[in-house]
Amino acid sequence: MLRRTGRSALFSEALKATVPVMLGYLTLGLAFGLLASDSGLPWWLTLCMSLFMYAGAGQFALVGLLAAGGGPAEAAILSFAVNIRHAAYGVSMLGRFAPWPRLKPYLALSLTDETFALLSTLPQRGRDDGRFMGMVSALNQAWWVAGTMAGVFAGAILPWKLEGLDFALTALFVVLLVEQLRRVREPWPYVGAALSAVFGTLIAGPRAGMVIGLAGGMAVASIRRGPAVRDSGSSAGNSDSGDRKEGRSGE
Amino acid sequence: MSAIWNAVACVCVSALVIIAIRGLPFIVFRGGRVPKGMAFVERYMPPVAMTVLVVSSFTGIRWQEVPHGIPELAGALATAGLQFWKRNVFLSIFAGTLLYMLLRAFMAAGS
């Protein structure tokens, strides 16, 4: 227990890590709250969406569907199409979440684009890793819920314009991409993902384009990887998770 | 069915679908039965996902209209350049976002 970082020190580090997401989530959440109250959804239902769906694009899309008079069947299909990419994030976090059975349900269910981006790029923290990931995930959702409620209650009377501040999310993705470029120094995953995402978006629209981009990027990476990458992969990304349950030695 | 109960039903269904999507990988591969090739997914999913997320941030831009995506491109390039050079996450994001907001306001006022 002595080697553990203090709870408040760990929390302030988690707080610092989530600041870019805070800027993006507060402004996007505000926009969502405004849209939801504009289209006549009650505040408690809007709150439930941010608590239990917790999927930015999915929530915007559902408000649009409700405004167009859609029902539960369309809602199910829409939610599946918009959010299916999150399953891929879960698959890549299986090992990282495995040592933390009590936190795992929340970590899994709160894995948004932004939380996955942060967790998969921030350095791992050994014995503190579970608590740290839990704090980052919960803080991100707190920003999203706070932004939503601000939009619902006070958004209409805000005296200042927040236009453009949500670019912080794009900037966050750019920063995390630069950090991945330092970690995985091979061109093909990036080239494959970018080309499939662009072509997928042109052909099938932005949401399907993301799924096509993920699939295309992984396909190109699996074709182009050299034999040496196979074994170095797990040690490069997960050097400090010695207490993980599943062994890889038998592969 | 009234509109409000239809909305409640739609939210419940959507929440269940999203919970299923996010929970399924952990139920399918529970008990340490992590399949072969997972090291490959763990290594390559983050770079592939980050590339897709950056690309998707740019798909909503109307390139034909003023300001032709210039604030977005300049903001992203400034962010990437600063991150390569200084490697300070705060500096990169705040400077990039500020440049984007200034260019956007400036070009909207000039047109």
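Guide: Let's start with a term we'll need: two residues are in contact if their C-beta atoms, placed from the backbone, lie within 7 Å. Keep in mind, too, that this is a predicted model. Now a case: leaving out residues up to four places away in sequence, Phe173(A) touches Ala117(A), Met50(B), Leu53(B), Val54(B) and Ser57(B).

Visitor: Which residues have the most contacts inside the largest nonpolar core?

Guide: For a core like this, think of buried nonpolar residues joined through C-beta atoms within 7 Å. Here the largest one has 90 residues, and Leu172(A), Phe173(A), Val48(B), Ala49(B) and Val52(B) have the most contacts inside it. H10(A) supplies the largest share of this core, eleven residues.

Visitor: Now the interface. How many residues of chain A are in contact with chain B?

Guide: In general, the size of an interface is often given as the accessible area lost when the parts come together. Here we count residues instead: 77 of chain A are in contact with 57 of chain B. On the chain A side, the largest share is twelve residues from helix H10, which covers residues 167-183 of chain A. Sorted by class, that side has 49 nonpolar, 22 polar and six charged residues.

Visitor: What about secondary structure: how many helices and strands are there in chain A?

Guide: Chain A has 13 helices and zero strands. Chain B has four helices and, again, zero strands, so its elements simply read α-α-α-α from the N terminus on.

Visitor: How do I read the sequence separation of contacts?

Guide: Take the contacts between residues at least 6 apart, then ask what share joins residues at least 24 apart. That share is 77% in chain A and 44% in chain B.

Visitor: What radius of gyration does chain B have?

Guide: Chain B has 21 Å, whereas a compact globule of 111 residues would have a value near 13 Å. Along its principal axes, the C-alpha trace of chain B spans about 55 × 50 × 25 Å.

Key. Residues numbered from 1 in each chain as written. Chains lettered and ligands numbered in written order. Predicted model: local features only at pLDDT ≥ 70, side-chain atom pairs only at ≥ 80, totals over all residues. Helix = DSSP H or I, 4+ residues; strand = E, 2+ residues; numbered from the N terminus. Nonpolar A, V, L, I, M, F, W, Y, C, P; charged D, E, K, R; others polar. Buried ≥ 20, exposed ≤ 12 C-beta atoms within 10 Å, placed from the backbone. Rg over C-alpha atoms; globule rule 2.2 N^0.38 Å.
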